[in-house]
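Q: I would like to learn how to read a model like this one. Please show it, and then take me through its features.

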Amino acid sequence: MSLRSSRACCFEALKSIPVVFILSIVAWSYYAYVVQMCIITIDNIPKKVIYLFIYHPLLFLFLWSYYQTMFKPLAGPPGKFYVGEAEGERIATAQTLDERRMTLLRFCRRANLPVLTRHFDGSIRYCFLCRCIKPDRAHHCSICGKCVLRYDHHCPWTNSCVSYANYKFFVLFLGWALLFCSYVAATSLEYFIVFWQGIANARGDGGDSTSPGGKFHLLFLFFASIMFAISVSSLFFYHLYLSGKNRTTLESFRAPIFSDGPQKDGFNLGYKQNFQEVFGKTLLSAIIPIWTTRGDGVHYQVNSLLLGGLQQQQQFGGVSNDVLVPLDTTANSMNNDHNYLLNENNKLDK
C-alpha cells in the first residue's frame with residue numbers, strides 16, 4: 001500500500017469517528033431506556049407499553065433520516081458544465097482577467113448554461129480543480145473533493161456534504177433527533193428525580209429492583225438527552241429559518257452575487273414556496289425522509305424584484321453582456337419558469 005493510499009485510509013477513518021460516536025450513544029441509550037428504565041425500573045405495565053410504543057417510531061424516524069443524510073449520493077454539476085482539457089488549459093493560463101472572462105463567456109453561450117450568479121470580480125464562477133462552470137448555488141467541497149449542487153456545508157456528524165441531494169433529510173434528522181431526545185428526557189425525568197433524591201423506595205415505583213448501575217444509566221440517560229436536545233435545537237431552528245428564507249448556510253454568511261451586486265434574498269420566493277421547494281407540498285411527505293425536493297439542483301427561481309432589475313439592466317444596457325449572459329440565452333428562461341421548477345418529474349435519481 002502506497003503512502004498516499006495509507007493517508008487516504010487514515011483520513012477516511014478519522015472522518016467516520018463522529019458517526020461512530022453518535023451511533024454508539026444511540027445504542028447505549030437504547031439499552032438504558034428500553035432495558036434499564038422501561039423493563040426493569042417501571043412496574044406499571046400500561047406505562048411500559050405506552051413509553052415503548054412512542055419511543056420506537058421516534059427512534060426509527062430519527063435513524064432513517066440520519067441514514068438518508070449520510071448515504072444519499074452527492075449531486076454534482078451535469079456534464080455540460082464541465083469544460084474540455086484544452087479549454088481548461090486555456091482558462092488556467094489566461095494572461096488577464098478579461099481573457100479568462102471571455103473564454104468562460106464563450107463556453108457558457110455555446111452550451112446555453114443557466115447561470116445567474118457571479119464571482120466577486122463579476123466573472124462567471126469557475127472551479128479550477130473540477131474544471132467546470134459552477135451552477136448557481138453550487139460550490140466546491142474541499143473535504144469531498146468535488147463541486148456539489150446547492151452546497152450548504154460539510155457536516156462531520158454525518159460525514160457528508162449537506163447539499164441539494166440531502167438537505168431535506170438533514171433538516172429532518174435534526175428535527176426528529178430533537179423530538180427523540182426531548183421525549184427521552186421528559187419520560188426519564190421522573191426516575192432521574194427519584195434516584196437523585198434517594199426516595200425510590202418510598203415512591204414504590206420499582207426503585208427496589210433497580211441496581212446502582214441501573215440508576216446511573218438513568219442518571220446519564222437524562223443528562224445526555226437534555227444535552228443533545230439543547231445542542232440539536234439550535235441547529236434545527238436555524239435551518240428552519242434558512243429554509244424559510246431560501247438560503248444555504250454559506251449564503252447566509254456570503255450572499256450570492258448577481259450583476260448588481262450581492263443579494264442575500266436573491267432566491268427568496270416567500271416562506272410557503274421556499275419550504276415547498278425543499279419539503280414538497282403535503283405535510284405527511286414533508287416530515288418523512290423520502291425524496292420530495294423539487295427542481296433539478298441547477299435551475300432556480302430568483303426573487304421577482306431581482307429578476308425585474310436584471311431584465312431592466314439588460315434591456316437598457318446597464319451592464320456588460322458578460323455579466324448578463326444567462327438572461328439572453330434560451331436555457332435560462334427556465335430559471336424563473338414556475339412550472340419547470342415545481343415539476344415533480346424533475347427529481348434526482350434515488
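Q: Where is Asn112 found?
A: This is a predicted model: local features need pLDDT of at least 70, side-chain atom pairs count only at pLDDT 80 or more, and totals for chains, interfaces and linings use all residues. Residues are numbered from 1 along each chain as its sequence is written, and side-chain values use heavy atoms, with hydrogens and water left out. Helices (H or I, at least four residues) and strands (E, at least two) are DSSP runs, numbered from the N terminus. Asn112 sits in the loop between helix 5 (97–111) and strand 1 (126–127). Asn112 is not a glycine, yet its phi is positive, about 50°.

Q: Is Asn112 buried, partly exposed or exposed?
A: Buried means under 20% relative accessible area, exposed over 50%, and partly exposed in between (1.4 Å probe, protein chains only). Asn112 has a relative accessible area of 28%, so Asn112 is partly exposed.

Q: What is the phi of Asn159, and where does Asn159 lie?
A: The phi of Asn159 is near 55°, a positive value in a residue other than glycine. Asn159 lies in the loop between strand 5 (153–155) and strand 6 (160–162). Its relative accessibility is 26%, so Asn159 counts as partly exposed.

Q: Is Thr158 buried or exposed?
A: Thr158 is placed in the loop between strand 5 and strand 6. Its relative accessible area is 1%, so Thr158 is buried.

Q: What does Thr158 touch?
A: Contact means heavy atoms within 4.5 Å. Not counting residues up to four places away in sequence, Thr158 touches Val19, Tyr66, Thr69, Met70 and Phe173.

Q: How many residues has the largest nonpolar core?
A: A nonpolar core is a set of buried Ala, Val, Leu, Ile, Met, Phe, Trp, Tyr and Cys residues joined through side-chain atoms within 4.5 Å. Here the largest one has 44 residues. Those with the most contacts inside it are Tyr33, Met37, Tyr51, Tyr55, Phe62 and Phe180.

Q: Which helices supply at least two residues of this core?
A: Helix 2 (17–41), helix 3 (45–71), helix 6 (167–197), helix 8 (212–245) and helix 10 (271–279) each do. Helix 6 gives the most, with 14 residues. Apart from this core lies another, of 24 residues, among them Phe81, Val83, Cys108 and Leu149.

Q: What does Met37 touch?
A: Leaving out residues up to four places away in sequence, Met37 touches Ala32, Ile42, Tyr51, Thr187, Ser188, Tyr191 and Leu218.

Q: Where does helix 6 bend?
A: The bend at a residue is the angle between axes fitted to the seven residues ending there and the seven starting there. Helix 6 bends by about 45° at Leu189.

Q: How many residues of helix 6 are buried?
A: The count is 22 of the 31, so helix 6 is largely enclosed by the rest of the structure.

Q: Which residues does Tyr167 contact?
A: Tyr167 lies in helix 6. At 2% relative accessibility, Tyr167 counts as buried. Leaving aside neighbours within four places in sequence, Tyr167 is in contact with Arg150, Asp152, Val162, His239, Leu242, Ser243 and Val278. Tyr167 and Thr248 are 81 residues apart in sequence, with their C-alpha atoms 9.5 Å apart.

Q: Where does UniProt place the feature "transmembrane region"?
A: UniProt positions are given in the numbering used here, feature names are shortened, and annotations may be inferred rather than shown by experiment. The unreviewed UniProt entry gives residues 20–42, 48–67, 169–196 and 216–238. In the model, residues 20–42 are 96% helix and 0% strand, with end C-alpha atoms 30 Å apart. Residues 48–67 are 100% helix and 0% strand, and their end C-alpha atoms lie 28 Å apart.

Q: How many helices and strands does the chain have?
A: The chain has 13 helices and 8 strands. Of its 350 residues, 49% count as buried.
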